[in-house]
Amino acid sequence: MSILEKIKSRTNIDVEYMITRLKKLLGNENEENIQNAVYEIMLVILDTINQSKIPSILYTTWLQMTVDYWFLSRYNEIFKNKESEGENQQTSNSNVKTLQIGDTSITFSDDSGTIEINGVKYKVGTIEFTEDAIVEKYKKRLYKHRKMRW
């Protein structure tokens, strides 16, 4: 069973349309990577709401959570770097913190532990951190559809 079939079996939402939208939003043409991100967020949602299927009303939440997960997990950089390695291109994302002309000293800021989404910088860590941050951000929406677990 493919990932797309697993996703479709857990919702009535048009998953293919959602993946098409995500391709445009994320600027990534590799559908397999996007499907994996959608699947991972599906598992987080299902674990949070304690249901066997994701309700159709959570379409927008699922879409937004996937976009946030994509950037918090740095998939945009990972897949861009893999593509550029194949093309033998070198890119630098270093930001200059200070520059001194006399005696020529340059200091670069270290943003390796942060990521910027829509102008807001977040400190990133492990995958557990990423999932926890996403659940915290969307818990009001998700808890409306939560069932009690015994």
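**Helix packing, charges and rings**

Modeller: Among the parts covering the buried residues of α2 are α1, α3 and α4. Covering here rests on contact, meaning heavy atoms within 4.5 Å. Helices are DSSP runs of H or I with at least four residues, numbered from the N terminus. This is a predicted model, with residues numbered from 1 along each chain as its sequence is written. Local features need pLDDT of at least 70, side-chain atom pairs count only at pLDDT 80 or more, totals for chains, interfaces and linings use all residues, and side-chain values use heavy atoms, leaving out hydrogens and water.

Colleague: Which residues of α2 are buried?

Modeller: Val 15, Met 18, Ile 19, Leu 22 and Leu 26. Buried means under 20% relative accessible area, exposed means over 50%, and partly exposed is in between (1.4 Å probe, protein chains only).

Colleague: What makes Asp 68 and Lys 137 a salt bridge?

Modeller: The rule asks for a side-chain nitrogen of Lys or Arg within 4 Å of a carboxyl oxygen of Asp or Glu. For Asp 68 and Lys 137, the closest N and O atoms are 2.8 Å apart, and the pair qualifies. Asp 68 sits in helix α4 (residues 59–72) and Lys 137 in helix α6, so the bridge ties together parts 69 residues apart in sequence.

Colleague: Why is Asp 68 called buried, and why is Lys 137 called exposed?

Modeller: Asp 68 has 10% relative accessibility, so it counts as buried. Lys 137 has 51%, so it counts as exposed.

Colleague: How many salt bridges does this rule give?

Modeller: The count is 5. One of them joins Asp 47 to Arg 149, with closest N and O atoms 3.5 Å apart. That pair links distant parts of the chain: Asp 47 is in helix α3 (residues 31–49), and Arg 149 is in the segment after α6 (127–143), 102 residues apart. Arg 149 has a relative accessible area of 56%, so it is exposed. Another pairs Lys 139 with Glu 136 at 3.4 Å between the closest N and O atoms. Lys 139 and Glu 136 are both in helix α6, 3 residues apart, about one turn.

Colleague: Why is Lys 139 called partly exposed?

Modeller: Its relative accessibility is 29%, so Lys 139 falls in the partly exposed class.

Colleague: What makes Tyr 69 and Tyr 75 an edge-to-face pair?

Modeller: Rings of Phe, Tyr and Trp (its six-membered ring) pair if their centres lie within 6.5 Å; planes under 30 degrees apart are stacked, over 60 edge-to-face, and the rest tilted. The whole structure holds 2 aromatic pairs. Tyr 69 and Tyr 75 lie 5.8 Å centre to centre, with 80° between the planes, and are edge-to-face. Trp 70 and Tyr 75 have centres 5.4 Å apart and planes at 75°, so this pair is edge-to-face too. Tyr 69, Trp 70 and Tyr 75 form one aromatic cluster.

Note on methods:
Helix = DSSP H or I, 4+ residues; strand = E, 2+ residues; numbered from the N terminus.
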